[in-house]
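Hi,

Here is the structure we talked about. Please open it next to this email and follow along.

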Amino acid sequence: MRALIIVDVQNDFLPGGALAVRAGDEIIGPINRIQQKFDLILATQDWHPADHQSFAANHAGTKPGDMVTLNGLPQVLWPVHCVQRTHGAELAAALQKYRFARIFLKGTHADVDSYSGFYDNGRTHSTGMAEFLHQRGVYEVCVCGLATDYCVKFTALDAAREEFRTSVLADACRGVELNPGDVQRALDELRTAGVAIRITDQV
Ligand code: VGL
Ligand code: ZN
């Protein structure tokens, strides 16, 4: 059994959104086309309370891009994004959703960020995604979505760590690139961790 994990294809990460990823909308077509090749399809949704501590607006005297320490973990501060029940937090309208077996919400605890769809950054809360996949006999996962250098990367690293045969579909991802080269570094880090970097035509 092979699963597709579609990470955070939400309005706030698309052009015009609060934390827009350049050309993020270009991945929706490839993601819609590739769904037919998978037995099981999951999605994640970044789903923050308004008081989330990853927002620069919740730390006096800071701006997006600044670094702070949050409960002992280094934390990049972001613009307010993906606040629960707002338009920005909704999955992209053009994303085909009818085959989604489940949507996993993440980033719901105000005091810790959650880039991975499996665990928060402090690894204290599980979303239940690993158990969900194991229970359905999944042995291989392909990860796509936004953003390559954050949530896609950490979701794929956790998948590999959970011993799924893991690929990232490079043409079905786009990155934030807070620093130039972040996407390339993320792909290198993924390869080193045993994650295959593929394109949707190879799946
Ligand atoms: C993400 C930054 C903050 C992502 C989520 O989906 O990659 N990045 N929250
Ligand atoms: Zn977030």
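Strand E7 pairs with strand E8 (residues 196-198) in the parallel sense, over three bridges. Look for Ser-167: its bridge partner in E8 is Ala-196. Between the two strands sits helix H4 (residues 182-192), and E7, H4 and E8 make a right-handed β-α-β unit. Keep in mind that this is a predicted model.

E7 (residues 165-174) also pairs with strand E6 (residues 140-146). That pairing is parallel too, with six bridges. Glu-140 stands opposite Arg-165 in E7. From E6 the chain crosses through helix H3 (residues 148-161) to E7, and this β-α-β crossover is right-handed.

Now the metal. Which residues coordinate the zinc ion (ligand 2)? They are Asp-46 through OD, His-48 through NE2 and His-81 through NE2, at 2.0 to 2.2 Å. The donor residues are spaced D-x1-H-x32-H in sequence. Asp-46 and His-81 link distant parts of the chain, 35 residues apart. Asp-46 is in strand E2 (residues 40-46). His-81 is in the loop between strand E4 (73-76) and strand E5 (100-106).

What is the geometry of the zinc site? Irregular: the angles among its four donor atoms run from 88 to 171 degrees. Four donors count as tetrahedral only if all angles lie between 85 and 135 degrees.

Are Asp-46 and His-81 buried or exposed? Asp-46 has 3% relative accessibility, so it counts as buried. His-81 is buried as well, with a relative accessible area of 3%. The cut-off for buried is under 20%.

Best wishes

Conventions: Residues are numbered from 1 along each chain as its sequence is written. Chains are lettered from A and ligands numbered from 1 in the order in which they are written. This is a predicted model: local features need pLDDT of at least 70, side-chain atom pairs count only at pLDDT 80 or more; totals for chains, interfaces and linings use all residues. Side-chain values use heavy atoms; hydrogens and water are left out. Donors are N, O and S atoms within 2.8 Å of the metal (3.2 Å for Na, K and Ca); water is not among the atoms, so sites may look incomplete. Four donors count as tetrahedral if all angles lie between 85 and 135 degrees; four count as square planar and six as octahedral if opposite donors are over 155 degrees apart and all others between 65 and 115; anything else is irregular. Helices (H or I, at least four residues) and strands (E, at least two) are DSSP runs, numbered from the N terminus. Buried means under 20% relative accessible area, exposed over 50%, partly exposed in between (1.4 Å probe, protein chains only). Two strands pair if DSSP finds at least two bridges between them. A crossover is right-handed if, with the strands pointing away from the viewer, the path from the first strand over the helix to the second runs clockwise.
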